[in-house]
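Here is a short briefing to read alongside the model on your screen.

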Amino acid sequence: AEALLRNHCTGVFYELHIAQHHQFLAMWVMGRFGEVSRQLPNLLKESRERGDLLATTDLRLSLEVPLKLVEDQGDQDRRELAEATADWTTMGFHTQHYHALASLANLELYEDNAKAACQALEDTWPALEASMLLRVQAIAITVWELRARVHLARIFDAPEPASHLAAARKAMRAIEREDTDYGQALVLKLKVLEHLGLGERAAAQTLLIEAER
C-alpha cells in the first residue's frame, strides 16, 4: 500500500501515514523492535518536515515512547511522553489519547508503580468509554488486557487485594467476550499472572505453556 501511494498518488499524506503506521504497529506486535528502531527516525523526520502533527503525534505516542521502554530508558520515555502529549489537543478523547494512556500505564508498571498505573486508568476511563473507542475491537482488547494487568499488579501492594483481583477477572471476561484467538491467548497469559500473584506456581506454568501454544 505504501509503495502504491508513493509511486502513483499525490496529496495522500494522510493515507500514506495510515499505511505506514499500521505497518509499524504490525512489526511491533511481531516483536521486530530492532526494525522499528532503525526505521522510525526517518519516518518521524518526514512527518515533522511536512508539519504533519497527526502523523508525528501518532508515531511518537504509539511507537517512539514505548520503544524507550524496550531500550530501558524510562526517564527519557517519561519526557518524550509529556512532550508528545503536550503537542496534541486536550479537547475530546482520540486514539492519540488512548496511545498516551497505554504508554503511561505501561511506564508506571515498568517502574514498579502499579498504584500510579491504576490511578491513570481510573482517571481516564470515563473519557475513554465516552469516546466509543472501545467499540474498536483491537483497542478494546488492548485496553482490557492493560486494565487486567494493572489490577493484577496491585494484588502485591494494595491493602484490599481482593477488589483488584475481581477487577482483573472482569477485564479478562471482557476480552473473552470478543472471541478472538489472540485475545484468548492474552487471557491465558493474564491467568498465569493471577496464579503467580496467588502463589500457585504449578498452575501458572501449565497455563503459560498453553498460552504460548
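Asp 72 is found in the loop between α4 and α5; helices here are DSSP runs of H or I with at least four residues, strands are E runs of at least two, and both are numbered from the N terminus. Please keep in mind that this is a predicted model, in which local features need pLDDT of at least 70 and side-chain atom pairs count only at pLDDT 80 or more, while totals for chains, interfaces and linings use all residues. Residues are numbered from 1 along each chain as its sequence is written, and side-chain values use heavy atoms, with hydrogens and water left out.

**Loop residues with positive phi**

- Most residues other than glycine have a negative phi.
- Asp 72 has a positive phi, near 60°, and it counts as exposed at 57% relative accessibility (exposed is over 50%, buried under 20%, partly exposed in between, with a 1.4 Å probe and protein chains only).
- Asp 179, in the loop between α9 (161-178) and α10, also has a positive phi, of about 55°.
- Asp 179 is exposed, with a relative accessible area of 64%.

**A buried aspartate**

- Asp 77 sits in helix α5 and is buried without a salt bridge (a side-chain nitrogen of Lys or Arg within 4 Å of a carboxyl oxygen of Asp or Glu).
- The nearest side chain of opposite charge to Asp 77 is Arg 78, 7.0 Å away; Lys and Arg count as positive, Asp and Glu as negative, and His and the chain ends are not counted.
- Leaving aside residues up to four places away in sequence, Asp 77 touches Val 65, Pro 66, Lys 68, Leu 69 and Leu 107 (heavy atoms within 4.5 Å).

- The largest pocket has a volume of about 1,300 Å³.
- A pocket is an open set of points on a 1 Å grid over the protein atoms alone, where a 1.4 Å probe fits, with protein on both sides within 12 Å along at least five of seven lines; lining residues have an atom within 4 Å of a point.
- Grid points are joined across faces, edges and corners, and the volume is the space filled by probe spheres set on them.
- Of the 38 residues lining the largest pocket, Leu 25, Trp 28, Val 29, Tyr 98 and Thr 142 are the closest to its centre.
- The second largest pocket holds about 170 Å³ of space, and its lining includes Phe 93, His 97 and Asp 123.
- Helix α6 gives the largest share of the lining of the second largest pocket, 4 residues.
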